[in-house]
Amino acid sequence: MENNKKKFDIKTYAVLHFILLLYSFVGVFMKLAFQHDFLSLYFLLFAGLAVLFLGIYALLWQQVLKKLPLTVAFTNKAICIAWGMLWGAFILGDSITWYKIVGSLVVFAGVVLVVSNNE
């Protein structure tokens, strides 16, 4: 009987987290785009970067799914919440509040609970 589990290694996880890091910048780019006039040069630049990063993310995500089960990859995607808070604080000047931290932990717990329930 053949084992249906996909083989993966640390390199696969590194690629996964690299593309999740790229994906986490999309929200920042869109927020920066909408801080400028619609269809201005800066709007188009930041919106274009968001589309570019989404395209790279989509292509690499499909490659990662060849090596990782969807449940594992999707569980790791929750890290984008933490990255988003960090980028918001460092790039956009947003504040990290206890409500945001607790909310993020609830989301992490929910994702892990749902994914682990399906295994």
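Helices here are DSSP runs of at least four residues and strands are runs of at least two, both numbered from the N terminus.

**Figure 1. The whole fold, as a predicted model.** Start with a simple tally: the protein has 5 helices and 0 strands. As for what is tucked away, 28% of the 119 residues count as buried.

Figure 2. Which helix gets the highest confidence? That's helix α2, residues 41–65, with a mean of 94, while confidence is lowest in α5, with a mean of 81.

**Figure 3. Zooming in on the salt bridge between K31 and D94.** The count for this model comes to 1 salt bridge, and here are its two partners. The closest N and O atoms of K31 and D94 are 3.3 Å apart, inside the 4 Å cut-off for such a pair. Where do K31 and D94 lie? K31 belongs to helix α1 (residues 10–33), and D94 sits in the loop between α4 (79–90) and α5 (98–117), so the pair ties together parts that are 63 residues apart in sequence.

Figure 4. Have a look at L44, which is found in helix α2. With a relative accessibility of 45%, L44 counts as partly exposed, because that value falls between the 20% limit for buried and the 50% limit for exposed.

**Figure 5. Helix α4 and its buried face.** From its first C-alpha to its last, α4 reaches 17 Å. For its 12 residues, that is close to the 16 Å expected at 1.5 Å a residue. Which residues of α4 are buried? They are C80, M85, W87 and G88. Look down the helix axis and these buried residues fall within an arc of 165 degrees, so they line one face of α4.

Terms used
Residues are numbered from 1 along each chain as its sequence is written. This is a predicted model: local features need pLDDT of at least 70, side-chain atom pairs count only at pLDDT 80 or more; totals for chains, interfaces and linings use all residues. Side-chain values use heavy atoms; hydrogens and water are left out. A salt bridge is a side-chain nitrogen of Lys or Arg within 4 Å of a carboxyl oxygen of Asp or Glu. pLDDT is the predictor's confidence in each residue, from 0 to 100. Buried means under 20% relative accessible area, exposed over 50%, partly exposed in between (1.4 Å probe, protein chains only). The expected span of a helix is 1.5 Å times one less than its number of residues. The arc is that of the directions from the helix axis to the C-beta atoms.
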